[in-house]
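The following paragraphs lead the reader through the structure shown below. Please keep the sequence and the model in view while reading.

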Amino acid sequence: MQALVQEYRLRGTNVGHLTILNPDNAFDQRPSFRKTRLTMAAQIDIGKLREACGLLYNATKSIRVLTHISWSSRVRERFFSEGGKELPVVRYKKFEANETIELLRVARRAIDFSPEINVWLEKIAFNIESSAKMLAACGKPDFFLYSQLLYGAPKDQLLDEANTSLGLARQFDEVFSEFQKIDLGVPDIATITARSVARAMRVAVKELFGTDAPAVTVVKELSANALAGPTRIRIRSGARFTKKDINQLIHHEASIHVATSLNGFSQNNLQILAASHPGVTKTQEGLAVFAEIITGSIDLDRFRRLSDRVLAIQMAIDGADFLDVYRFFLERTGETDQAYECARRVFRGGVLSGGAPFTKDIVYLDGLLRVHNFLRTVVSAGRADCLRLLFCGKLDLEDLPIIGHFAEQGICLAPKYLPGWAKDVRFLLCYLTYSSYLNKIDLGQVKSHYSQILSSIPRIGSAFPLEG
């Protein structure tokens, strides 16, 4: 482990701000990028900045994490042909990390700006390098270590230094268990085909992006039910969807992932904002899940899947193998296909016998909390001017100060494409103001009061069905 720590000690005068947190803790080796107050007083050489961002963007081209760690449909077929009782056998193509590292070496030579810009660019370089080394370690325990560096782990503390994604997932699990005692009606059955979803998606992206709309295709092999990029949205042919799923995909994949990609590609001075690399995943997915919530596109089953993924990742960290996690999801869903797909997400790229999973799926809850709390703080601080910075491209919330200074100087362009809820600033600010105020209320005392009222109300049962 110490060798890995030394490997992450970044070198060079331009990156002297970087230190390693807790070098003896194998589960927290992410570097600390020391924050300094941004003044940006020095004149920026825009041509040189454009070159550095372009070199970093080029280094991301080989980083296709989900594509590289995807499993062939043959793995699934063999798993079920053996009765779902044997660990899958997965082989990954060799990833040549040295090519990416060499590109980064060239890019790092071009990083010579003010300390603030240097730290921002070096953080991006670090994330790209870690991504390449993670892919080179597919199927090995080190894959898990790099995964934690990039995405975090369920027990990592959130910004309040008290809560964790795992704690949130467990709380959701408790609440959802209580919901099971209530007749919520029959859930929608996923019967809509991928081709039907593709037709609906084509209409949506045409309306959102006009001539810039990406192609929508149905493909056999895909690491998820749907994946979106700036030029195409792919939907897995074997997947089945509900009407709610269609809205969720449109608001998640198109209005966030595609929009930020297209906006990033318009940033001629900051080409790196067009790159979808693991360093921006937490904010991207958090923003996308927030979009599902604020548009009413999310449902109970979707939220439970997100929290169950966090629980399953922790199970795998604690030693559960693929079969253990498969059975966990099978008990939750009652569907073999869905249980397999959920377990696959946890173990892709990692060690199937347990102890070293892929931690990416914690970012949906972790990122949602970060994005929602940032937006609430925007309101309480009276900084609505910062809202649109989130959509300038693929970025991390922690990048916003430097992006804001670039915007002020005309280096970063305003986003061309925004989701409808972000365009409607009056509605968004109303929602966030109310959400922020709720945080001031002592829920313990309020809960005690209303719990007494609820205890006096008989169970209504089928007299007042929840579904009309």
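Glu129 and Lys133 both lie in helix H6 (residues 115-136), 4 residues apart, which is about one turn of the helix. Helices (H or I, at least four residues) and strands (E, at least two) are DSSP runs, numbered from the N terminus. This is a predicted model, in which local features need pLDDT of at least 70 and side-chain atom pairs count only at pLDDT 80 or more, while totals for chains, interfaces and linings use all residues. Residues are numbered from 1 along each chain as its sequence is written, and side-chain values use heavy atoms, with hydrogens and water left out.

The side chains of Glu129 and Lys133 meet in a salt bridge, with N to O at 2.8 Å. A salt bridge here is a side-chain nitrogen of Lys or Arg within 4 Å of a carboxyl oxygen of Asp or Glu. Glu129 counts as buried because its relative accessibility is 11%, and Lys133 counts as buried because its value is 12%. The term buried means under 20% relative accessible area, exposed means over 50%, and partly exposed lies in between (1.4 Å probe, protein chains only).

The structure holds 25 salt bridges. Another pair, Asp366 and Arg370, has its closest N and O atoms 2.3 Å apart. Both residues lie in helix H15, 4 residues apart, about one turn of the helix. Asp366 is buried, with a relative accessible area of 2%, whereas Arg370 is partly exposed, at 21%. Salt bridges that share partners also join Arg108, Glu122, Glu129 and Lys133 into one network.

Which residue forms a salt bridge with Asp361? The partner is Arg345, and the closest N and O atoms of the two are 2.8 Å apart. This pair links distant parts of the chain: Arg345 is in helix H14 (residues 336-347), and Asp361, 16 residues apart from it, is in the loop between H14 and helix H15 (363-380). Both Arg345 and Asp361 are buried.

The nonpolar interior comes next. A nonpolar core is a set of buried Ala, Val, Leu, Ile, Met, Phe, Trp, Tyr and Cys residues joined through side-chain atoms within 4.5 Å. The largest such core has 115 residues, and those with the most contacts inside it are Leu49, Trp120, Leu121, Phe322, Phe406 and Trp421. Helix H6 supplies the largest share of this core, 10 residues. Leaving aside neighbours within four places in sequence, Leu49 is in contact (heavy atoms within 4.5 Å) with residues including Phe113, Ile117, Leu121, Leu270 and Phe406.

In S6, Ile235 is the bridge partner of Val218. Strand S4 (residues 215-219) and S6 pair in the parallel sense over 5 bridges; two strands pair if DSSP finds at least two bridges between them. Strand S5 (residues 226-228) runs antiparallel to S6, to which 3 bridges join it, and the bridge partner of Leu227 in S6 is Arg234. A hairpin joins S5 to S6 through 3 residues. Strand S6 (residues 232-236) is mostly covered, with 4 of its 5 residues buried.

Gln314 counts as buried because its relative accessibility is 5%. Leaving aside its neighbours within four places in sequence, Gln314 is in contact with Pro154, Lys155 and Leu166.
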